[in-house]
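Okay, everyone, thanks for coming. Let me put the structure up and we'll walk through it together.

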Amino acid sequence: MRVDRHSFHADYIRRLVSGDPETEHHFTRYFGELLMLKLRSRLRSPAQVEDARQETFVRVITTLKQKGGLSSAESLGAFVNGVCNNVLFEMYRANARTTPLEDEYDEASSNLPADSTLVADEEREEVRAALSSLPEREQLVLKWVFFDERDKDDICRDLQIDRAYLRVLVHRAKARFREHFAQLSSR
């Protein structure tokens, strides 16, 4: 598949943001083909490819509609590619968190020796102790993100913070948890 190169200008971005059907059609056709080429080589299923493509389009259009969304119309192609990379990384992280652990757990649990239950109970207690030694807000953030798997937008709304700061809170809470857990484990 060959995609002819296209240069973008401020008027194109303005028409795209205003909802011009012809410009929207060109945008989704042009970048849709490029994204499909990229995503097919990186994702397992056609459904994942389509999800990533659609999510990329939504994020790009949302950003373009924000005041000061894109500083240079000529960089639209690089911007779409960068957004697509971010979507891919989020999908990889989500898959890494869920898929392998379930498979490994099923295989490993069938071959556990009897005394491993005691070790698991001890580790569970260490995790609880490390978690309870954290400040209340960090406990809550870790619980909501990792145990309850709550929607991050809901968490941000409840804590009255933005999404970027939630990442900072989670990072700090995880670092402090690791530190406390290591201290408890070394005893």
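So, secondary structure: this chain has 8 helices and 0 strands. If you read along the sequence, the pattern is simply α-α-α-α-α-α-α-α. Keep in mind that what you're looking at is a predicted model.

How much of the chain is buried? Of its 187 residues, 28% count as buried. As for contacts, take those with a separation of 6 or more: 61% of them join residues 24 or more positions apart.

Now, the inside. The largest nonpolar core holds 24 residues, and the ones touching the most other members are Phe27, Phe31, Leu39 and Leu76. The top contributor is H4, which gives 7 residues.

Let's zoom in on phenylalanine 27. Setting aside neighbours within four places in sequence, Phe27 is in contact with Tyr12, Leu16, Gly32, Phe57, Val60, Ile61, Leu76 and Val80.

Is Arg53 buried or exposed? Its relative accessibility is 16%, and the cut-off for buried is under 20%, so Arg53 counts as buried. Who does Arg53 touch, leaving out neighbours within four places in sequence? The list is Thr28, Gly32, Leu35, Met36 and Leu39. You'll remember Leu39 from the core: it was one of the residues touching the most other members.

Okay, last stop, a helix pair. In general, you describe two packed helices by the angle between their axes and the distance between those axes. Here the pair is H6, residues 136-147, and H7, residues 152-159; their axes come within 10 Å and cross at roughly 155 degrees. Anything over 145 counts as roughly antiparallel, so that's what H6 is relative to H7. The crossing of these two helices is right-handed.

Which residues make the contact? On the H6 side we have Arg137, Val141, Trp144 and Val145, and on the H7 side Lys152, Ile155, Asp158 and Leu159. Sorted by class, that contact has 5 nonpolar residues, 3 charged and no polar ones.

How values were computed: Residues are numbered from 1 along each chain as its sequence is written. This is a predicted model: local features need pLDDT of at least 70, side-chain atom pairs count only at pLDDT 80 or more; totals for chains, interfaces and linings use all residues. Side-chain values use heavy atoms; hydrogens and water are left out. Axes are lines fitted to C-alpha atoms, for helices over the stretch in contact, and angles run from 0 to 180 degrees between N-to-C directions. Helices (H or I, at least four residues) and strands (E, at least two) are DSSP runs, numbered from the N terminus. Angles under 35 degrees count as roughly parallel, over 145 as roughly antiparallel, 65 to 115 as roughly perpendicular and the rest as oblique. A crossing is left-handed if the near helix is turned anticlockwise from the far one by less than a right angle, and right-handed if clockwise. Contact means heavy atoms within 4.5 Å. Ala, Val, Leu, Ile, Met, Phe, Trp, Tyr, Cys and Pro count as nonpolar, Asp, Glu, Lys and Arg as charged, and the others, Gly among them, as polar. A nonpolar core is a set of buried Ala, Val, Leu, Ile, Met, Phe, Trp, Tyr and Cys residues joined through side-chain atoms within 4.5 Å. Buried means under 20% relative accessible area, exposed over 50%, partly exposed in between (1.4 Å probe, protein chains only).
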